[in-house]
Amino acid sequence: MSNMNIDKIKEDFPIFKNNPTLVYLDSAATSQRPQQVIDAVNEFYTNYNANVHRGIYKISEEASEKFENVRTKVRDFISAKSEQEIIFTKNTTESINLVMRGWGEKNIKKGDKIVISIMEHHSNFVPWQQLAKQKGAKLEIIDINEEGELKESDFEKIKGAKLLAITHVSNVLGTLNNVNKLCKLAHDAGAKVLVDGAQSIPHMQIDASAIDCDFFAFSGHKMLGPTGVGILYGKEQVLEETDPFLYGGDMISEVHVEESKWNELPFKFESGTPPASSVIGLGAAIDYLGKLGMENIRKHEQIITQYALQKMTEINGVNIFGPKNPEKRAGVIAFTVNGVHPHDLASILDEYNVAIRSGHHCAMPLHERLALPASSRASFYIYNDKKDVDKLCDGIKEAKKIFKVD
Amino acid sequence: MSSEIYQEFILELYKNPINFGKMENADLHAESFNPLCGDKVEIFVKLNGEKKVSEVKFIGSGCAISQASASLLTEEIKGKTLDELAKMQKEDILQMIKVDLSKNPSRLKCALLSLEVLKKSISK
């Protein structure tokens, strides 16, 4: 049994007060936010709004202190070694682009090999595809097996690579990749590793030091935080070898007419006024998740996922992608319904106030690999319960009725 | 809303589209793709001596709205002049599918995909 009281958790999320019938199954796109996060953002603007790292007056000091406290919270949340390893970005996409521009452009040379997988989100696919083109490097792709897991025989491709860029959890298949093992393989081969943690960090305990990846990228908005803030974790030494890719204020220690010197870590990557209110909101989100306990969250989602897999499989004509074992996946379920296009299904479910995603979920190479023009996706979080799964299943059955498919 | 969208004739056209197929040597031809949902439509038009549509075909895949509106549009344009095609508007499509999608912009895109393809084929 889940040891989380979902009805009580739901009370913290004003969106469910204002939309009492909403069944929100699109947390893989963005999560909802609890009142505690909204309050923290509000408090910043109403009580101590000022630019951070700049003023010597009281409220600027307070803003800077609260801002930097969140860096410490993030460090602890992912078990990084120091605050120097935590860089605030806009989102996962910017974090990955920072690595591509700052580390990749400097270190990837003609003929080098970059390895990614077919299940990558576009944000961890396109930067490497473009870098390979720009440098004349090779881009090799780890395929998936029938279960939607990475094909182990393709791990051979990591040999001789300079970089492995891999997702922790697929945003379509839900597959949980063994990134600890992949990091070991890659490091033995002399490659650096970037892990896209956008879909894992909201749902499970992350220990970046134990994973031993060189970079770990994620967004605040999928883990109850505000939009506009993401994180790039990087090992201190690797970050020292990485160039800044956004130039401007705050990232600088000295500027002269002829040349400039970069600020120390992590500030060398944080150019311009940062999204202070969002960072402070992210701090409240981390506190909220910490109180629930990441292990409890993971357990709860496994229970919901198992229930959903079972209930959805019982419906004739529903095809589910990704691993069948809830221990090998996260709470993201992509599926199709024979005779009902995903877009039509999402429209019909919307009539019942059930919000799911339809389309290719920014993973077109994966959809091509699966020979699917589009799929539907339901994803779960801390405010979802079995009743939500039942409403999803009722909606699928209703859609089949409307489209007259058995 | 959905029950309004999914009228009997829309579903019928989704399952049994009219003017479905490819055409060799088309005078007008274009295709387009809605990257958000994966809908695809490709239209082929043959013109007669008076520059009127004499034959029209389409192929595509996607949701019921995008595919049914392609059937309706291709049927509607038979016998029309290029000028008349150029003048066709969003409202013409909405009239054909008989539903107000003004509060549903993502579905409106599906409905208008075939019109977009037709316009593209004329401007080529």
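Chain A is divided into domain 1, made of residues 6-32 + 294-402, and domain 2, made of residues 38-290. The model described here is a predicted one. The centres of domain 1 of chain A and domain 2 of chain A, taken over C-alpha atoms, are separated by 27 Å, and their contact takes 27 residues from domain 1 and 27 residues from domain 2.

**Where the domains of chain A meet**

- On the side of domain 1 of chain A that touches domain 2 of chain A, the elements giving two or more residues are helix H11 (294-313), strand E12 (332-337), helix H13 (364-369) and strand E15 (375-379) of chain A.
- Helix H11(A) supplies the largest share of that side of domain 1 of chain A, with 5 residues.
- By residue type, the side of domain 1 of chain A that touches domain 2 of chain A divides into 14 nonpolar, 6 polar and 7 charged residues.

**The nonpolar cores**

- The largest nonpolar core has 111 residues, and those with the most contacts inside it are A:Ile114, A:Leu164, A:Leu194 and A:Cys213.
- Helix H10 (residues 276-292) of chain A gives the largest share of this core, namely 9 residues.
- This core lies between domain 1 and domain 2 of chain A, because both domains give residues to it.
- A second, separate core has 34 residues, among them B:Leu13, B:Cys63, B:Ile65 and B:Ala111.
- In soluble globular proteins, nonpolar side chains tend to be buried together.
- Leaving aside residues up to four places away in sequence, A:Leu194 touches A:Ile96, A:Val99, A:Leu163, A:Ala165, A:Cys213, A:Asp214, A:Phe215 and A:Ala217.

**A buried proline in chain A**

- A:Pro275 is found in the loop between strand E10 (260-262) and helix H10 of chain A, and it counts as buried because it has 20 C-beta neighbours inside 10 Å.
- Although A:Pro275 and A:Thr227 are 48 residues apart in sequence, they are 9.4 Å apart in space, C-alpha to C-alpha.
- When residues up to four places away in sequence are not counted, A:Pro275 touches A:Gly228 and A:Val229.

**Helix H6 of chain B**

- Helix H6 of chain B, residues 105-123, has 19 residues and reaches 25 Å from its first C-alpha to its last, which is close to the 27 Å expected at 1.5 Å a residue.
- At B:Leu112, helix H6(B) bends by about 45°.
- The buried residues of H6(B) include B:Arg107, B:Cys110, B:Ala111, B:Leu112 and B:Leu113, and B:Ala111 also belongs to the second core.

**Where chain B meets chain A**

- In the contact between the two chains, 14 residues of chain B meet 14 residues of chain A.
- On the side of chain B that touches chain A, the elements giving two or more residues are helix H1 (2-5) and helix H6 of chain B.
- The residues on that side of chain B divide into 9 nonpolar, 4 polar and 1 charged.

**A buried serine in chain B**

- B:Ser71 has its place in helix H3 (residues 64-76) of chain B, and it is buried, because 23 other C-beta atoms lie within 10 Å.
- B:Ser71 and B:Lys22 are 49 residues apart in sequence and 13 Å apart in space, C-alpha to C-alpha.
- Not counting residues up to four places away in sequence, B:Ser71 touches B:Leu13, B:Pro17, B:Ile18 and B:Asn19, and of these B:Leu13 is also included in the second core.

Methods. Residues are numbered from 1 along each chain as its sequence is written. Chains are lettered from A and ligands numbered from 1 in the order in which they are written. This is a predicted model: local features need pLDDT of at least 70, side-chain atom pairs count only at pLDDT 80 or more; totals for chains, interfaces and linings use all residues. Helices (H or I, at least four residues) and strands (E, at least two) are DSSP runs, numbered from the N terminus. The expected span of a helix is 1.5 Å times one less than its number of residues. The bend at a residue is the angle between axes fitted to the seven residues ending there and the seven starting there. A residue is buried if 20 or more other C-beta atoms lie within 10 Å of its own, exposed if 12 or fewer, and partly exposed in between; C-beta atoms are placed from the backbone. A nonpolar core is a set of buried Ala, Val, Leu, Ile, Met, Phe, Trp, Tyr and Cys residues joined through C-beta atoms within 7 Å. Domain bounds come from an automatic or database domain assignment. Two residues are in contact if their C-beta atoms, placed from the backbone, lie within 7 Å. Ala, Val, Leu, Ile, Met, Phe, Trp, Tyr, Cys and Pro count as nonpolar, Asp, Glu, Lys and Arg as charged, and the others, Gly among them, as polar.
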